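Please examine the sequence and the structure shown below.

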Amino acid sequence: MIPSLPKLVLPGPPEILTVLLDGCIVGGIPSSEVEKVVAHIRRLKVSSPAVIPDDLEVGYVPLSMGGAYPGLYLSTSPSRFVRPVRNISLPSDGSENIELIGPFEQVFMEIKCPDGGDGGRKSSFPATHEEIHPTVMLSVVANLTPWSDHNQSPRNMYQCQMAKQTMAFSSQAIQHRADQKLYHLQTPQSPIVRTGSYSKYDMEDAMILNKSSVERGMFHGQIYQTETIDLTEMGGKSRKSGLTPRMFRRSNVNKFGSALDADGLPHVGQLIRPDEPYCSIYNSERNSVQTLRKKGTEPVYVDYVAVDVKNKKDLQKVNIRFRQPRNPIIGDKFSSRHGQKGVCSQLWPDIDMPFSGTTGMRPDLIINPHAFPSRMTIAMLLESVAAKGGSLHGEFVDATPFRGSVKKNNEESESKSGSLVDDLGDMLRKKGFNYHGLEVLYSGVYGTELTCEIFIGPVYYQRLRHMVSDKYQVRSTGTTDQLTKQPIKGRKRGGGVRFGEMERDSLLAHGAAYLLHDRLHTCSDYHIADVCSICGSLLTTVFIQQQKRPVRQIGGLPPGRAPKKVTCHACQTSKGMEAVAMPYVFRYLATELAAMNIKLTLKLSNQAGA
Amino acid sequence: MEPQSYARMPRVKIRELRDDYARFELRDTDASIANALRRVMIAEVPTIAIDLVEIEVNSSVLNDEFIAHRLGLIPLTSDRAMSMRFSRDCDACDGDGQCEFCSVEFHLMAVCRNDETQDVTSSDLISSDHTVVPVDFSDATIDASSDGISGNKKGGITIVKLRKGQEVKLRAIARKGIGKDHAKWSPAATVTFMYEPEIHINEDLMESLTLEEKKEWVESSPTPVFDIDPVTQQVMVVDAEAYTYDDEVIKKAEAMGKPGLVEINAKQDSFIFTVETTGAIKASQLLLNAIEILKQKLDAVRTSLDTVEADDQFGELGAHMRGG
């Protein structure tokens with residue numbers, strides 16, 4: 001068969017590579033020419049009078065066996081990821097030759113680390129580009145750790161996790177925002193840190209804060225929470241807006257009448273305690289008033305009330321923003337930037353803190369030196385020394401990691417001794433301080449010199465959003481599970497604290513049998529069951545209501561309880577009935593087994609060991 | 001036999017005295033007294049500070065608690081504080097804390113009507129008592145207009161900054177209190193003391209050093225304690241008090257193979273105090289008040305029933321405490 005059309009053979013790889021611009025084929029290039037073309041386009045990209053967009057992505061996929069489909073893919077569309085690298089294949093005539101490259105092209109490019117080496121490249125693949133700084137291999141959060149190259153690497157990973165949990169001054173426009181929950185630090189600052197065991201309150205990563213420093217505003221913060229009340233969404237079925245019978249209004253006969261305004265909304269600045277109403281809604285159909293009560297365990301202030309006036313006629317939606325003051329208390333969590341987290345164990349009075357004889361300084365925070373040997377966060381010590389020197393000289397210290405790896409361009413900074421510690425030590429020395437950041441301190445309690453030199457200096461501390469007030473849980477009695485009659489779980493619902501297997505083991509090991517019995521039985525699902533000792537069944541018991549007989553009154557005593565008559569339904573007798581204390585779940589187990597046609601019988605005996 | 005008296009007569013020598021700064025020597029007593037004095041100065045000398053704030057209008061960027069906290073930290077002139085009553089044991093107002101004997105009322109009204117940012121400072125606080133006013137830090141000797149750093153010409157501590165249309169209106173009640181309860185009542189910015197060092201240079205051993213070695217040794221102290229006499233080339237002590245007990249020179253001497261080159265001891269009975277106040281009271285007054293309070297506290301111990309009961313335990317000391 002002869003085809004009606006002349007044979008059209010599309011020129012393709014390996015001879016010709018297709019060229020695509022923003023996903024459309026615009027032509028082809030002989031594969032022998034393409035490398036030159038790519039190099040030329042890159043030169044045009046960095047050339048100062050821009051002829052082509054400088055964020056053009058030159059995705060050149062070379063010929064390969066089993067690799068990506070070869071071609072030259074050019075992209076110019078907006079909002080692509082780009083990052084700057086230095087183009088070193090071009091002659092550097094004074095300019096830096098910074099080229100913006102994209103994620104697609106970068107995998108086919110040869111980019112080297114600016115550490116002076118070639119990164120193990122063969123001479124057949126010379127690097128055409130160079131990173132701006134070695135730290136670009138780190139993420140944004142990882143870059144926040146000073147001198148992270150001096151830390152043990154897992155600590156840097158911990159810090160990267162923790163940096164996301166810090167409280168911060170996250171927005172300038174908090175007044176105009178309606179975030180669900182927003183943690184806010186009032187005054188971000190860096191306290192002076194001391195390492196050294198001054199009391200036993202800094203064991204196991206606990207830390208002592210200076211009470212006066214806290215009172216002066218250190219680590220003060222707030223939580224902003226917004227409640228949205230939409231009347232159109234209330235009451236299940238969604239009616240057309242404006243037709244709901246509900247409206248914001250205060251009840252006329254309400255004992256809390258004074259707390260809310262006439263429009264059923266709270267006053268700005270008002271304090272609302274747990275379980276107090278913060279909003280009142282009137283239902284005109286039922287002529288009833290519903291109040292919304294504040295959940296939680298802590299009082300809050302009304303920060304802002306925003307009304308949604310989309311439909312002008314009547315107000316259907318409000319946002320109420322609450323503010324919860326969260327100043328540091330015992331149990332709050334703090335961390336330095338080196339994965340060294342800790343919990344505040346004491347707010348120590350200023351006068352009891354150790355002080356420096358020369359400057360009179362007292363630390364804001366004390367941590368235990370045991371936090372260092374095993375974790376090897378040398379950068380935290382460096383940070384302390386550097387910050388001390390920096391604050392004495394009134395300048396910032398550059399703590400970028402891998403600074404020593406940067407290729408020395410003009411060999412200018414070679415005159416220095418090189419070691420970082422030496423640079424920092426000299427800074428301190430110049431101002432009359434100990435070379436290694438040590439100081440002699442005096443006991444605040446006794447006024448005598450502490451027998452060891454103490455490492456003291458400023459370290460940036462972060463306040464983490466895990467606070468005791470969100471976590472503490474207590475219960476004496478409360479709600480129990482319907483099925484098992486055991487306390488329910490969950491802090492929100494006032495449940496119990498789990499007394500688990502390991503806790504059980506420890507009590508057993510101590511021989512504290514009574515306490516164990518108290519925790520697991522008396523305070524849990526203590527139950528007295530009637531058991532038929534004849535058939536051994538727990539489930540066949542039946543109550544028989546006694547006829548009301550006048551109980552003989554004994555003078556001065558409360559009327560005696562009429563004994564309940566219990567019989568066994570299976571044995572048709574009440575002779576063998578015995579009251580046995582057991583966990584209620586045991587009874588539940590018996591019923592579950594019965595449902596599976598398994599009979600559970602008890603053998604009752606008076607002897608202890610029988 | 002006359003019971004032996006343990007009483008010592010401490011001496012105070014003032015070296016430098018300014019309104020908010022004092023440096024003095026305290027001799028012939030021991031660390032317990034020196035430290036008690038330091039602790040009392042920081043935490044128990046009363047001052048007056050804003051303690052209760054009623055906010056009427058606040059449309060500023062800072063929330064109510066923040067402003068109240070900032071108001072509390074403003075130092076107020078507290079020369080009256082010693083004679084004032086604590087509001088908790090004030091009879092005139094039943095501990096209500098709002099009468100003239102135990103409180104001072106302040107008013108603050110500020111509205112910004114301009115396009116420029118307006119600073120609300122402590123000088124905008126209107127006091128009901130002319131003796132209790134925010135401390136004025138404006139230094140008459142420095143021309144306010146030339147001082148570019150502080151920025152606000154009025155002087156005073158910035159409470160909040162207002163934009164056009166924002167307003168702050170509040171009533172604040174200042175009360176007497178002590179630094180133990182809250183740091184805002186502490187009159188002291190810094191109180192510190194150091195033991196006076198006693199430095200003995202072993203001259204014979206020192207002479208065995210070359211000039212180079214001497215220089216190296218002198219340089220090893222981070223603070224300028226020693227120097228070399230340019231004429232006799234002898235090492236001498238220029239400023240003993242600059243010594244921070246860092247042991248650097250001793251370590252250096254050991255490293256040079258000359259242990260015992262210098263002997264440094266802290267005198268256990270003389271102290272050099274440095275006192276800096278917040279401006280609430282004068283540094284001299286702070287010291288006098290602290291001594292007064294320390295006396296009151298000792299009196300309380302002496303007259304308390306427990307002390308009499310504890311006589312058996314303390315024995316001689318108990319008699320001493322009661323002035324025996």
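What does the accessible surface of chain B come to, and what share of it belongs to carbon and sulfur atoms? The surface comes to about 17300 Å², and carbon and sulfur atoms account for 50% of it; such areas come from the Shrake-Rupley method with a 1.4 Å probe, and for residues only the protein chains shown count as cover.

This is a predicted model, in which local features need pLDDT of at least 70, side-chain atom pairs count only at pLDDT 80 or more, and totals for chains, interfaces and linings use all residues. Residues are numbered from 1 along each chain as its sequence is written, chains are lettered from A and ligands numbered from 1 in the order in which they are written, and side-chain values use heavy atoms, without hydrogens and water.

Chain B contains nine helices and twelve strands, which are DSSP runs (helices H or I, at least four residues; strands E, at least two) numbered from the N terminus. Of its 324 residues, 42% are buried, that is, under 20% relative accessible area with a 1.4 Å probe, protein chains only.

A nonpolar core is a set of buried Ala, Val, Leu, Ile, Met, Phe, Trp, Tyr and Cys residues joined through side-chain atoms within 4.5 Å. Two separate cores are tabulated here.

| Core | Size | Residues included |
|---|---|---|
| Largest | 50 residues | B:M41, B:W217, B:F226 and B:F273 |

B:E44 lies in the loop between helix 1 and strand 3 (47-58) of chain B. This residue counts as buried because its relative accessibility is 15%.
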